[in-house]
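Here is a short briefing to read alongside the model.

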Amino acid sequence: MASTILRRATSSVIKSSLLTEASRRSYASVAVGTDILSAASQVSLQKARSWDEGVTSNFSTTSVNDIFKGKKVVIFGLPGAYTGVCSQQHVPSYKKNIDKFKAKRIDSVICVAINDPYVMNAWADKLQAKDVIEFYGDFDGSFHKSLELGKDLSAALLGPRSERWSAYVVDGKVKALNVEGAPSDFKVSGAEVILEQI
């Protein structure tokens, strides 16, 4: 049922925004070869943490430069914490394959969503994945917007969210990119696919 709603919402939103989308875009479009360090140069993410950790750190953020520069990173984005496909398939696919990523000398496996870092923290704990995957909140969606990976899922009562996607990034450069046809799909953004692309 939820998948049907998301598909309808996605179709409706796409149809209603096709005519005006080109005029509204002011961000870089991500693709293989994109330099994330340039495309999202002014963006910072918020590492998953408790509220108390946020206060202690003076609500610090992590720059995109610190996340990607000089590193081999696998990053995957999803519509939101605690949602069905995200919890039952997307994150688990990376968790169960973490040793394969380590064997390929990946420095970080990162999950990012348009959520606050406190929700991401609680969700990572619930999934028992925080020790193997780095979770980041993109609280205002600026990271996803800068890469044109944002998605309006208001019709499904989710508001501004992101596409479901994955990427292999080396020193800030996108070497492989996979974006699902709809946020409810899980065909190309899982760990098994990206492992074959590294």
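**Cysteines, surface and overall makeup**

A search of the whole structure turns up zero disulfides. Please keep in mind that this is a predicted model. The protein has 198 residues, and 46% of them count as buried.

**Cysteines**
- A disulfide is a covalent bond between the sulfur atoms of two cysteines.
- For Cys86, the closest cysteine sulfur belongs to Cys111 and lies 7.8 Å away, which is too far for a bond.
- Cys86 counts as buried, with a relative accessibility of 0%.
- Cys111 likewise counts as buried, at 0% relative accessibility.

**Surface**
- Trp51, Val55 and Phe59 make a nonpolar surface patch of about 310 Å².
- One of these patch residues, Trp51, lies in helix 3, which covers residues 51–56.
- The protein as a whole exposes about 9,900 Å², and 51% of that is supplied by carbon and sulfur atoms.

**Overall makeup**
- The secondary structure comes to nine helices and nine strands.
- Among contacts in the protein with a separation of 6 or more, 71% are between residues 24 or more positions apart.

How values were computed:
Residues numbered from 1 in each chain as written. Predicted model: local features only at pLDDT ≥ 70, side-chain atom pairs only at ≥ 80, totals over all residues. Heavy atoms only, no water. Disulfide = S-S within 2.5 Å. Buried < 20%, exposed > 50% of the residue type's maximum accessible area, 1.4 Å probe, protein only. Patch = residues over 30% accessible without salt bridge, like charges linked within 9 Å, V, L, I, M, F, W, Y side chains within 5 Å. Areas by Shrake-Rupley, 256 points an atom, 1.4 Å probe, with all protein chains shown as cover. Salt bridge = Lys/Arg side-chain N within 4 Å of Asp/Glu carboxyl O. Helix = DSSP H or I, 4+ residues; strand = E, 2+ residues; numbered from the N terminus. Contact = heavy atoms within 4.5 Å.
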